[in-house]
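User: I have a model open and want to go through its contacts. Can you take me through them, salt bridges to begin with?

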Amino acid sequence: MKILLAGDFCPTECTDELFKSKDIKTLFGDTLSLFEGNDINFVNMEGALTESDAGIEKFGPCLKGTPIAAEVMKDVGINLVGLSNNHIFDYGIQGYKDTVAALDEQGIAYTGFGKNYEDARKNYYFEKNGEKIAFVCVCESEYSYALEDRMGSRLFDCYDTIADVREAQKKSRTVIVAVSEGVELDGLDEFQSGKVDNFGHKYLSGIGKCLEELVQDRIGCKVRSVELNILQRCAAHIASETDLAEAESLGVVAVKAAAQGKTGMVSAIVNRNTADYIPNYGIVPVCDVANKIKYVPREWINEAGNDV
């Protein structure tokens with residue numbers, strides 16, 4: 001069985017015209033071939049597909065796109081959607097209803113949302129040629145999670161989620177858990193692994209790594225977590241020629257320095273001629289770089305905090 005697991009699929013008002021005109025080439029670029037020939041193409045539906053303008057009150061932005069986006073999703077081969085995240089409820093009950101109506105019309109399956117907590121906990125199973133795959137979609141306790149008497153997304157819980165994985169294992173040897181990690185959660189430290197790197201920085205692992213460790217400890221099966229939110233991993237296909245050339249050159253400089261026995265150093269672009277954009281490479285002491293964080297100036301970032 002061939003499966004594509006993608007991260008956030010987020011049609012917005014900025015891309016509405018592209019979806020309405022079904023400009024698939026502009027929307028997907030050279031990633032379109034990745035969706036071909038798969039039994040399952042899974043994405044996290046990060047936002048509502050609705051024409052409603054009644055966004056909820058929240059700290060972060062309310063995300064929505066045209067319901068026509070579901071037609072494009074079907075055209076490219078997306079056939080399974082996770083609805084357990086911090087944006088599916090951005091336009092309330094109407095936004096959710098519009099979203100699932102658009103998905104239903106195109107025959108796209110979805111999971112991770114329910115009329116109450118127990119309903120949201122239902123696993124999704126896909127079977128082909130005698131092989132069955134289970135999907136468990138969960139999110140952190142943000143704006144959209146379900147309660148016993150309230151519809152919403154499937155909440156990550158240290159006990160119930162493990163129980164759901166056990167239940168899925170009764171029917172399938174392979175269980176895929178899709179975890180949506182939003183930045184709008186209070187008390188994120190509760191779900192971090194507590195591990196730090198050599199410079200004292202906490203690993204931004206969130207509940208993905210937490211869940212991996214819980215499964216290893218309580219179930220004992222083979223498990224690994226993959227974080228799709230790391231930009232260098234999920235956007236390598238659209239790296240510019242400049243990015244690739246500079247990365248390779250930095251690698252060459254580093255290898256040469258190591259071959260010369262130099263240590264405690266790191267390769268770097270030490271000076272760039274901004275007029276002609278010609279980088280100059282060299283090595284600098286790692287102590288001059290490590291922990292010398294330079295933040296993007298707040299005035300460069302828009303009021304919503306999601307663009308520059």
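Analyst: Glu118 forms a salt bridge with Arg121, and their closest N and O atoms are 3.3 Å apart. Bear in mind that this is a predicted model.

User: Is Glu118 buried or exposed, or partly exposed?

Analyst: Glu118 is partly exposed, at 43% relative accessibility. Arg121 is buried, at 16%.

User: What is the N to O distance from Asp160 to Arg121?

Analyst: The closest N and O atoms of that salt bridge are 3.7 Å apart. Asp160 sits in helix H6, while Arg121 is in the loop between helix H5 (117–120) and strand E8 (124–128), so the bridge ties together parts 39 residues apart in sequence. Asp160 is partly exposed, with 23% relative accessibility.

User: And Asp164, how far is it from Arg121?

Analyst: Asp164 also has a salt bridge to Arg121, with the closest N and O atoms 2.7 Å apart. Asp164 is in H6 too, so this pair links parts that are 43 residues apart in sequence. Asp164 counts as buried because its relative accessibility is 8%, and the cut-off for buried is under 20%.

User: Which residues end up in one network?

Analyst: Glu118, Arg121, Arg154, Asp160 and Asp164, joined by salt bridges that share partners. Over the whole structure, the search finds 12 salt bridges.

User: Back to H6. Which of its residues are buried?

Analyst: In helix H6 (residues 160–169), the buried ones are Thr161, Ile162, Asp164, Val165 and Ala168. They lie on the same side of H6, because they cover an arc of only 160° around the axis.

User: Different topic. How many residues are in the largest nonpolar core?

Analyst: That core has 25 residues. Those with the most contacts inside it are Phe9, Met73, Ile78, Val81 and Leu83. Strand E1 (3–9), helix H2 (24–28), strand E2 (40–45), helix H3 (69–76) and helix H4 (92–105) each give two or more residues to the core.

User: Which gives the most?

Analyst: H3, with 5 residues.

User: What is Leu83 in contact with?

Analyst: Leaving aside neighbours within four places in sequence, the contacts of Leu83 include Met45, Ile88, Tyr96, Val100, Leu103 and Phe113. Tyr110 and Ser153 are also among them.

User: Which residues form a nonpolar patch on the surface?

Analyst: Val296, Trp300 and Val308 form one, with about 380 Å² of accessible area together. Trp300 is in the segment after strand E13 (278–285). Trp300 is exposed, at 56% relative accessible area.

Note on methods
Residues are numbered from 1 along each chain as its sequence is written. This is a predicted model: local features need pLDDT of at least 70, side-chain atom pairs count only at pLDDT 80 or more; totals for chains, interfaces and linings use all residues. Side-chain values use heavy atoms; hydrogens and water are left out. Patches are made of residues with over 30% relative accessible area and no salt bridge: like charges are joined within 9 Å, nonpolar side chains (Val, Leu, Ile, Met, Phe, Trp, Tyr) within 5 Å. Accessible areas come from the Shrake-Rupley method with a 1.4 Å probe; for residues, only the protein chains shown count as cover. A salt bridge is a side-chain nitrogen of Lys or Arg within 4 Å of a carboxyl oxygen of Asp or Glu. Helices (H or I, at least four residues) and strands (E, at least two) are DSSP runs, numbered from the N terminus. Buried means under 20% relative accessible area, exposed over 50%, partly exposed in between (1.4 Å probe, protein chains only). A nonpolar core is a set of buried Ala, Val, Leu, Ile, Met, Phe, Trp, Tyr and Cys residues joined through side-chain atoms within 4.5 Å. Contact means heavy atoms within 4.5 Å. The arc is that of the directions from the helix axis to the C-beta atoms.
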